[in-house]
Amino acid sequence: MSAALTLGTPDHLDRLLTLVTAFHAEEGIVMTDDARRAGIAPLLDGIPHGVAYLIGPPRAAIGYIIVTFGWSVEFGGMDGFIDELYIRPGVRKRGIASETLQSLPRALGDAGLKALHLEVDTENETAQRLYARAGFARRDKYQLMTRKL
């Protein structure tokens with residue numbers, strides 16, 4: 001099984017929505033289908049704020065990763081945030097997420113990204129180990145904080 005990445009386009013919307021809905025159900029993320037579609041469709045239309053990639057063959061994707069973009073003075077330019085990463089349960093533990101997390105940062109770095117961030121559940125030790133193996137590390141003294149608007 002390969003972690004080949006395909007940049008999402010509007011033609012991929014329904015396939016991506018199926019995967020995102022499965023991830024949200026697994027994680028207990030509650031939102032309407034319309035809100036989910038509104039959050040994903042602009043990424044596929046090419047807005048400059050982020051990208052969505054299908055993982056595996058586009059016709060039968062086994063997962064997805066969404067990266068949003070921002071700017072960081074501290075890191076010296078554009079940075080990214082892995083907003084969501086999902087691999088179908090039936091194909092997990094085959095190195096697909098690891099391969100994705102190794103290849104995508106290299107490609108984004110070649111495109112000028114200076115840093116890539118992510119958020120992980122403090123109780124999900126499996127995900128923490130995956131991210132650590134991929135080179136992600138906690139930043140001492142820092143904690144992600146959020147204010148919903």
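Modeller: One term to start with: a residue is called exposed when its relative accessible area is over 50%, and buried when that value is under 20%. Keep in mind that this is a predicted model.

You'll find Lys93 in the loop between strand E4 (77–87) and helix H3 (96–110). Lys93 also has a positive phi, about 65°, although it isn't a glycine.

Now for the rings. There are four aromatic pairs by the rule used here. One of them is Phe23 with Tyr64, an edge-to-face pair with 6.4 Å from centre to centre and 85° between the planes. This pair ties together distant parts of the chain: Phe23 sits in helix H1 (residues 13–27) and Tyr64 in strand E3 (residues 63–72), 41 residues apart. Phe23 and Tyr64 are both buried.

Tyr64 also pairs with Tyr86: their centres are 6.0 Å apart and their planes meet at 40°, so this pair is tilted. Again distant parts of the chain are linked, with Tyr64 in strand E3 and Tyr86 in strand E4, 22 residues apart. Tyr64 has 0% relative accessibility, so it counts as buried. Tyr86 is buried too, because its relative accessible area is 5%. Put together, ring pairs join Phe23, Tyr64 and Tyr86 into a cluster.

There's another ring to look at: Arg139 lies over the face of Tyr142, 4.0 Å from the ring centre.

Note on methods:
Residues numbered from 1 in each chain as written. Predicted model: local features only at pLDDT ≥ 70, side-chain atom pairs only at ≥ 80, totals over all residues. Heavy atoms only, no water. Helix = DSSP H or I, 4+ residues; strand = E, 2+ residues; numbered from the N terminus. Phe/Tyr/Trp six-rings, centres within 6.5 Å; stacked < 30°, edge-to-face > 60°. Buried < 20%, exposed > 50% of the residue type's maximum accessible area, 1.4 Å probe, protein only. Lys NZ or Arg CZ within 6 Å of the ring centre and 35° of its normal.
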